[in-house]
Each structure stands twice: as structure tokens, then as C-alpha cells.
Amino acid sequence: MERFWEFLLHALQDTWPLLPWVLLIYVLIELLESKTKLQNSNRFSGKLGPLVGSATGLIPQCGFSVMAAKLFEKKFITVGTLVAIFFSTSDEAFIILLSDGVGAKWVLPTLGVKIVVSVVIGYGADLFLKWCGHRQVCVERIEMPEKTPKTTHDVFMARYAEEQTVEDVCACGKEHGDSAWKKYLLSPLMHTLLVAVFIFLVNFALTAIIHTVGEVTFASFMERNRYLQPLVTCGIGLIPNCASSVVITETFLGGGITFGSFVAGLCANAGMGFVVLLKNTRKWKRNVLLIVCTYVVAVVIGLLFNLILPITA
């Protein structure tokens, strides 16, 4: 029982200093979502789709994978653009890295790897389908309402208003509210508290494991099993919840997995995007194929990194 309280205290000490930074980043994200101008609403279509989608998916904003899935269902984007956004999406990962003093140094390497992987996978998917003779028909022009939205949040709401039961619901499915204090304080605060719970649980588990088996034994075990790590992290990444990205990121920062396994898990982490696709039960074969391909490709990426550059935090 004494060790339990020791682990609890250690996890709290590792968690609470992150909270102000996480809250600040969430407030900035809300400002980004509401103020960022989106001059070209059709920027995801055309030959630049996978490239633009990859760059957009990197932004730690909850709605992009959902937006991508819905645009794909309406034939506004190609499979390549869809998977490019999915592979570049990292949910809460960058927020945790930025809020962690040690983890901040991994932001740029992770961004670089994710953008390269997403662009390659996106264009590769479109070229493969074209080579197989599968012609993708996409609507070139997205019909917008008379009052053209100017911000990313406005565009999300305009496109998906008919599918929402609550008027002011973000593409992520969470209600943000109209008032400034709800949007810029209450919503970020709720996100922060939720993420804090996940961070605390992961820190507690890692502390208990490392102190129970010993740091040397734990490091040795992870080294022997680094080629199995991507299989696990990619499976966790497919879970449509912010907890998955938190678990993967915190485990990496705690030295539990390699950088390759970390990136692989984030590549498979498409957030709620797959949930939107799975709602279309008529296309279940397509949806299962996309999920399986995402998992396999992400695992291969992790294995290659662990083979060539098996580094840890």
C-alpha cells in the first residue's frame, strides 16, 4: 500500500506541471479554429489534395479527420487525400509534446516524418488506384451557402449542419457553444482535464511497472521486443479516442517505446475519422480494407524505423 501512494504521488508530480501549458495550447487551438481564414474551400481537391491534406492534418485540431471522412463520402476528395489526412492526424500528441519540456524537442522530427509519410502514402494510394484502373470521380466544386464562411469552424458548420442535431457542434462531435467564455475557456478547460486524466493514468502505470521490475530490466525487455511494439501501438492508435494518442505519446516520453513505434501508432491514429466511415454500412468492405491497409502500412513504417533508427526519448 505504501508503494501505491508512492506511485500515485510520482504520477501526480509528472502530470500537474503540464496542465497550464496544455490549457494554453487548447485555447490557442480554439482561436486558430475560429480565426484562421480559409480562402479556398476547395483546397483539398485536385492534384494538390494529398499534399494540402497532409499539411492540414498536422494541425492539432479535432475536426480534420472527421471533415476528411465526410468529404470523402460526398466524393469531394480522393482516397489519397483521405489517407494523407488520416496519416498526418495525431490528435493530442503534439499538444502533449509541446507541453512537456523534454518532449518539445521531438515535435519537429515527428512533424517531418509525418508530413513525408503522409504525402508519400497519399499520392501512392491515388497512383496505385489509377494503375489498377480504378477511376476516382470527385466533385470539383463544393456548393457553399449564399453567405460564404471564412473560417475553418464556419466551413465545418456550413458543410455538416444538416447532419448535426445540435446547432453549434464542431466536426469532432463536441459542443463548443457560441459564447466566448465557453469557446475559449470552458471547452479548452474540459479538454485539458480529460487529457490530464489520461496522462495521469499512463504515468501511474509506467511508474508502477518500471519501479516494480526495475529500470534495467524494463529497458532490456523493451529492447528485445522493439519489433513487436508497432503491432501494439498501431492497434492502440486505431482506437477512436484521444486516450489512444495520449497513451502512445506518454509511453514514448516515458521510454517505454521507440520513436518508430511512436510514429507508427500516430500514423494509425485517425481519430474519429474511421467512425464516420463505418457509419456507411453499405461500404463496409471498403471501410474494413481502409482500416486494414492503414494498420499494415503504419506497422511497416514502425518496423523500418526500429530497424534503421531504434532511438528512444
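This is a predicted model: local features need pLDDT of at least 70, side-chain atom pairs count only at pLDDT 80 or more; totals for chains, interfaces and linings use all residues.
Two packed helices are described by the angle between their axes and the distance between the axes.

| Helix pair | Axis distance | Crossing angle |
|---|---|---|
| α11 and α15 | within 9 Å | roughly 140° |
| α3 and α5 | 7 Å | about 20° |
| α5 and α15 | within 12 Å | roughly 55° |

**Helix α15 and its buried residues**

Helix α15 covers residues 284-308, and its 25 residues should span 36 Å at 1.5 Å a residue, which agrees with the 36 Å that separate its end C-alpha atoms. The buried residues of α15 are Asn287, Leu290, Thr294, Ala298, Val299, Ile301, Gly302 and Asn306, and these buried residues pack against α5 (79-88), α7 (107-131), α11, α13 (259-267) and α14 (273-278).

**α11 against α15**

Helix α11, residues 229-237, crosses α15 at roughly 140°, with the axes coming within 9 Å, and that angle makes α11 oblique to α15. The crossing in which α11 passes α15 is right-handed. On the α11 side the contact is made by Pro230, Leu231, Cys234 and Gly235, while α15 contributes Tyr295, Ala298, Val299, Gly302, Leu303 and Asn306. Sorted by class, the residues of this contact between α11 and α15 comprise seven nonpolar, three polar and no charged.

**α5 against α15**

The axes of α5 and α15 come within 12 Å and cross at roughly 55°, and these two helices, α5 and α15, are therefore oblique to each other. Here too the handedness is given: α5 passes α15 in a right-handed crossing. Val79, Leu82, Val83 and Phe87 of α5 meet Leu290, Thr294, Val297, Ala298 and Ile301 of α15, and the contact of α5 with α15 holds eight nonpolar residues, one polar residue and no charged residues.

**α3 against α5**

Helix α3, residues 49-57, packs with α5 at an angle of about 20°, the axes lying 7 Å apart, and α3 and α5 are therefore roughly parallel to each other. The crossing of α3 and α5 is right-handed. Gly49, Pro50, Gly53, Ser54 and Gly57 form the α3 side of the contact, and Gly80, Thr81, Ala84, Ile85 and Ser88 form the α5 side. In this contact of α3 with α5, three residues are nonpolar, seven are polar and none is charged.

Notes. Residues are numbered from 1 along each chain as its sequence is written. Side-chain values use heavy atoms; hydrogens and water are left out. Axes are lines fitted to C-alpha atoms, for helices over the stretch in contact, and angles run from 0 to 180 degrees between N-to-C directions. Helices (H or I, at least four residues) and strands (E, at least two) are DSSP runs, numbered from the N terminus. Angles under 35 degrees count as roughly parallel, over 145 as roughly antiparallel, 65 to 115 as roughly perpendicular and the rest as oblique. A crossing is left-handed if the near helix is turned anticlockwise from the far one by less than a right angle, and right-handed if clockwise. Contact means heavy atoms within 4.5 Å. Ala, Val, Leu, Ile, Met, Phe, Trp, Tyr, Cys and Pro count as nonpolar, Asp, Glu, Lys and Arg as charged, and the others, Gly among them, as polar. The expected span of a helix is 1.5 Å times one less than its number of residues. Buried means under 20% relative accessible area, exposed over 50%, partly exposed in between (1.4 Å probe, protein chains only).
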